[in-house]
Amino acid sequence: MSDKTKFPPFQTAFLAPKYWGLWFGLGFFRLILLLPYPILLKISKGLSQLFKMAKFGKYRTAIAKRNLELCFPDYSENEIAELVEKNTESVGMAIIETGMAWFWSDKRILKWSKFEGLEHLKQAEKEQNGILLVGVHFLTLELGARIMGLHHQGIGVYRPNDNPLLDWIQFRGRVRSNKALLNRKDLRGMIKALRQGEMIWYAPDHDYGRKNTVFVPFFNVQQTATTTGTRMLLRSAPNTVVIPFSPVRNQDGSGYTLTVSPAVDFSHCTNDVDTATLMNKVVEKEIMNAPEQYMWLHRRFKTRPDENDPNLYNL
């Protein structure tokens, strides 16, 4: 394990007065997380209302609406409005679920979750293949990673937080059910892990800018900036299989169902465009398992093929 994957040490600087507010908020948050899950669901509705009223929330809600209009032009205004409403309702619960993922006991996580499709991971492990685990950006993402780790541990990929205390808390929470964590820029570390037959969490569904990008269809947007990282990883670690999964919050309040899909064959893809096109199809399929729980708040189509192309977000 490299230094980048080791647990960062606690710093005495974290006890400085500038962090007291964060410590107080964290303590209060952990007390809330002791409440029964049905009550947490009710609290999340209040958090969602606060999100909708905040300036930041209104802006992100407008982005979600625009993304849905672009992806599903055949949907009626009422269908789009209903999806947006359900999506913003999920934001409040996503805050709670992050705390659940980082602080709940294993026993409590297992009580409120169901795991399906473990055989697909076991088969890849049996064949000594590395696993590129496609975890698209659902709002349940943090909790989904924790549930996954309780059944089949792998190596997480993360972006360090700019706040050192938050980064320490985030790392501590995320590594609980993972073998290790890698900085998302550590491609060499990812390749090494895949070659060693490890499972790497991978999220290729955001707009990561113009560098190392091709423009291929994503839902109804024909030219969507999509990372070429998939082909690079598969070429560098040819013993790797691609396996998607979806962590879905059950509509009846009974908890969560994490479903692992069968491995997807990328062997016929001969270039970046073919690979990125197929990966977007994989992502689309997973999103449609629970489109109201996907992170539509992200400006997925901000990077256009030509820098002079019209901005798709006139908000």
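A residue counts as buried when its relative accessible area is under 20%. The views below show a predicted model.

**View 1. Asn87, a buried residue of helix α4**. Asn87 has a relative accessibility of 0%, which is under 20%, and therefore counts as buried. The residue is placed in helix α4. Leaving aside residues up to four places away in sequence, Asn87 touches Ala64 and Leu139, together with Pro291, Glu292, Gln293, Tyr294, Trp296 and Leu297.

**View 2. The surroundings of Trp296**. With residues up to four places away in sequence again left out, the contacts of Trp296 include Ile63, Ala64, Asn67, Leu68, Cys71 and Phe72. Trp296 also touches Asn87, Phe219, Ile287 and Pro291. Ala64 and Pro291, listed here, are likewise among the residues touched by Asn87.

**View 3. The largest nonpolar core**. This core comprises 86 residues, of which Met100, Leu121, Leu133, Met148 and Trp296 touch the most other members. Helix α4, spanning residues 77-103, gives the most to the core, contributing 11 residues.

**View 4. Ser267, an exposed loop residue**. Ser267 lies in the loop that runs between strand β9 (256-260) and helix α11 (272-287). Because its relative accessibility is 61%, and exposed means over 50%, Ser267 counts as exposed. The side chains of Ser267 and Asp265 are joined by a polar contact of 2.7 Å.

**View 5. Ser267 and Glu82 shown together**. The C-alpha atoms of Ser267 and Glu82 are 39 Å apart in space. In sequence, 185 residues separate Ser267 from Glu82.

How values were computed:
Residues are numbered from 1 along each chain as its sequence is written. This is a predicted model: local features need pLDDT of at least 70, side-chain atom pairs count only at pLDDT 80 or more; totals for chains, interfaces and linings use all residues. Side-chain values use heavy atoms; hydrogens and water are left out. A nonpolar core is a set of buried Ala, Val, Leu, Ile, Met, Phe, Trp, Tyr and Cys residues joined through side-chain atoms within 4.5 Å. Buried means under 20% relative accessible area, exposed over 50%, partly exposed in between (1.4 Å probe, protein chains only). Helices (H or I, at least four residues) and strands (E, at least two) are DSSP runs, numbered from the N terminus. Contact means heavy atoms within 4.5 Å. A polar contact is a pair of N or O atoms within 3.5 Å; within protein, one must be able to donate a hydrogen and the other to accept it, and residues adjacent in sequence count only if both atoms are side-chain atoms.
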